[in-house]
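The sequence and the structure come first.

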Amino acid sequence: MGKFKDEDVEKLLVACHRSCCVCHRFCGVKMEIDHIIQQADEGPGTYENAIPVCLECHAEIHSYNPRHPRGRKFQPGEVRAHRDQWLSICKEHLEIFRRGSVARAEVGPL
């Protein structure tokens, strides 16, 4: 359990180009590194258990109320899949970052 290592945080922020792994928006400093399996559930502070997300998506991931179920709760497997998918897109399609936000609009939803 615990806090993420600084070098893991840096690697993740570079890998995602400071874009949220859930909504894909560029967020700059408004990023958080979240535990996929939460610390309260014995989730480790490791690279494999980390996902870079924006402040809004971080709140959304943890806002589900099981006593008043509306919508669908984010599950750890889904959160991990979002991270893996986005980091793969970031690695394979650097052109969406080189041309800025105009390129993202042209590419459309990923």
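Two rings of Phe, Tyr or Trp, the six-membered ring being used for Trp, count as an aromatic pair if their centres lie within 6.5 Å. In this predicted model, the count by that rule comes to 1 aromatic pair. The partners are Trp86 and Phe97, with 6.2 Å from centre to centre and 75 degrees between the planes. Planes over 60 degrees apart count as edge-to-face, and the pair of Trp86 and Phe97 is edge-to-face. Trp86 belongs to helix H3 (residues 76-92) and Phe97 to helix H4 (residues 95-98), so the pair ties together parts that are 11 residues apart in sequence. Trp86 is buried, at a relative accessible area of 1%. Phe97 is buried as well, at 17%.

**Overall layout**

The protein chain contains 5 helices and 2 strands. Read from the N terminus, its elements follow the order α-β-β-α-α-α-α. The chain has 110 residues, and 35% of them count as buried. Among contacts with a separation of 6 or more, 60% are between residues 24 or more positions apart.

**Cysteines**

How many disulfides does the count give? The count comes to 0. A disulfide needs two cysteine sulfur atoms within 2.5 Å. For Cys27, the closest cysteine sulfur is that of Cys54, and at 4.5 Å it is too far for a bond. Cys90 is in no disulfide either, the nearest cysteine sulfur being that of Cys16, 6.2 Å away. Both Cys27 and Cys90 count as buried, and the table sets out their values.

| Cysteine | Nearest cysteine sulfur | Sulfur distance | Relative accessibility |
|---|---|---|---|
| Cys27 | Cys54 | 4.5 Å | 12% |
| Cys90 | Cys16 | 6.2 Å | 1% |

Asp8 is part of helix H1 (residues 6-15). Which side chain of opposite charge is nearest to Asp8, and how far away is it? That side chain is Lys11, at 4.2 Å. A salt bridge calls for a side-chain nitrogen of Lys or Arg within 4 Å of a carboxyl oxygen of Asp or Glu, so Asp8 has no salt bridge, although Asp8 is buried. Leaving aside neighbours within four places in sequence, Asp8 is in contact with Thr46 and Tyr47. Tyr47 also has Lys11 over the face of its ring, at 4.9 Å from the ring centre.

Note on methods: Residues are numbered from 1 along each chain as its sequence is written. This is a predicted model: local features need pLDDT of at least 70, side-chain atom pairs count only at pLDDT 80 or more; totals for chains, interfaces and linings use all residues. Side-chain values use heavy atoms; hydrogens and water are left out. Helices (H or I, at least four residues) and strands (E, at least two) are DSSP runs, numbered from the N terminus. Buried means under 20% relative accessible area, exposed over 50%, partly exposed in between (1.4 Å probe, protein chains only). Lys and Arg count as positive and Asp and Glu as negative; His and the chain ends are not counted. Contact means heavy atoms within 4.5 Å. Rings of Phe, Tyr and Trp (its six-membered ring) pair if their centres lie within 6.5 Å; planes under 30 degrees apart count as stacked, over 60 as edge-to-face and the rest as tilted. A charge sits over a ring if NZ of Lys or CZ of Arg is within 6 Å of the ring centre and within 35 degrees of the ring normal.
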